[in-house]
Amino acid sequence: GYTLCLDLATRSLFTLELPVGVRGNYMLSCAEDSGLYLVSADGFQLSVWLHSMLDDDNGAGWLLLDTFCVREAEACTPRAEDSWAPHDVCLDVVAVGDNADFVFLNHPASGALFYVHLRSRVVEKVYQRGADECGYKRAAAGHVRVSPVMMIWPPIFPARNMRREE
């Protein structure tokens, strides 16, 4: 029911009580205005919570911002809808972007990795593990590591000096 946090300004550790009902399958994300987002999955149900770090009540400050079923999302792409079998296996939260803009979810039974844009509820299948990849054949295994990188698009490269030395 708690998570351990580090306050970099004071170089001290503190515990933060999790919202009621949240256990194990969650990830934290930084909020712009000195706070934390928590994205949790319970089966196919996603919940997004916000905790302001300006509050001193340490746990009572969690505010439920949104909750929805990923399988029933209005903007679920056809590629994503086909990957929900079997329906009784839940999703794992793998990575969350800053300000809880997006989340990556692993569906261990199918070997599929999904991207969910939380504000628009767009669900898109972004990767399918093959049968030869570790953990795909066993539903209990199949841990995935994702490290999201944000960048400007299109990328701008520095000009290259094209002079030749003679």
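**Group meeting: contacts and strands in a predicted model**

Okay, let's start with a charge and a ring: the charged end of Arg-71 sits over the ring of Phe-44, 4.5 Å from the ring centre. For that label, NZ of Lys or CZ of Arg has to be within 6 Å of the ring centre and within 35 degrees of the ring normal.

Quick housekeeping. This is a predicted model, where local features need pLDDT of at least 70 and side-chain atom pairs count only at pLDDT 80 or more, while totals for chains, interfaces and linings use all residues. Residues are numbered from 1 along each chain as its sequence is written, and side-chain values use heavy atoms, with hydrogens and water left out.

How many aromatic pairs does the count come to? Three, where rings of Phe, Tyr and Trp (its six-membered ring) pair if their centres lie within 6.5 Å, and planes under 30 degrees apart are stacked, over 60 edge-to-face, the rest tilted. Take Phe-102 and Phe-104: their ring centres are 5.8 Å apart and the planes are at 80°, so that pair is edge-to-face. Phe-102 is buried, at 8% relative accessible area, and Phe-104 is buried too, at 14%. Buried here means under 20% relative accessible area, exposed means over 50%, and partly exposed is in between, with a 1.4 Å probe and protein chains only.

On to salt bridges, meaning a side-chain nitrogen of Lys or Arg within 4 Å of a carboxyl oxygen of Asp or Glu. The count comes to two. One is Asp-66 with Arg-121, with the closest N and O atoms 2.6 Å apart. That pair links distant parts of the chain, 55 residues apart: Asp-66 is in strand β6 (residues 62–69), and Arg-121 is in the loop between β10 (112–117) and β11 (122–128). Strands, by the way, are DSSP runs of E, at least two residues, numbered from the N terminus. Asp-66 is partly exposed at 21%, and Arg-121 is partly exposed at 31%.

The other salt bridge joins Arg-119 to Asp-101, closest N and O atoms 3.3 Å apart. Arg-119 is in the loop between β10 and β11, and Asp-101 is in the loop between β8 (92–96) and β9 (102–107), so this pair ties together parts that are 18 residues apart in sequence. Arg-119 counts as exposed at 56%, whereas Asp-101 is partly exposed at 25%.

Next, strand β4, residues 35–42. Is β4 mostly covered or mostly open? Mostly covered: seven of its eight residues are buried. Strands count as paired if DSSP finds at least two bridges between them. β4 pairs with β3 (residues 26–31) in the antiparallel sense over six bridges, and Leu-28 has Leu-38 of β4 as its bridge partner. The β3–β4 hairpin has three residues between the strands, and Ser-34 takes a positive phi near 55° there.

Strand β5 (residues 45–52) also runs antiparallel to β4, joined by eight bridges. Gly-35 finds its bridge partner in Ser-52 of β5. That hairpin has two residues between β4 and β5, and Gly-43 in the turn has a positive phi of about 70°.

Key: Helix = DSSP H or I, 4+ residues; strand = E, 2+ residues; numbered from the N terminus.
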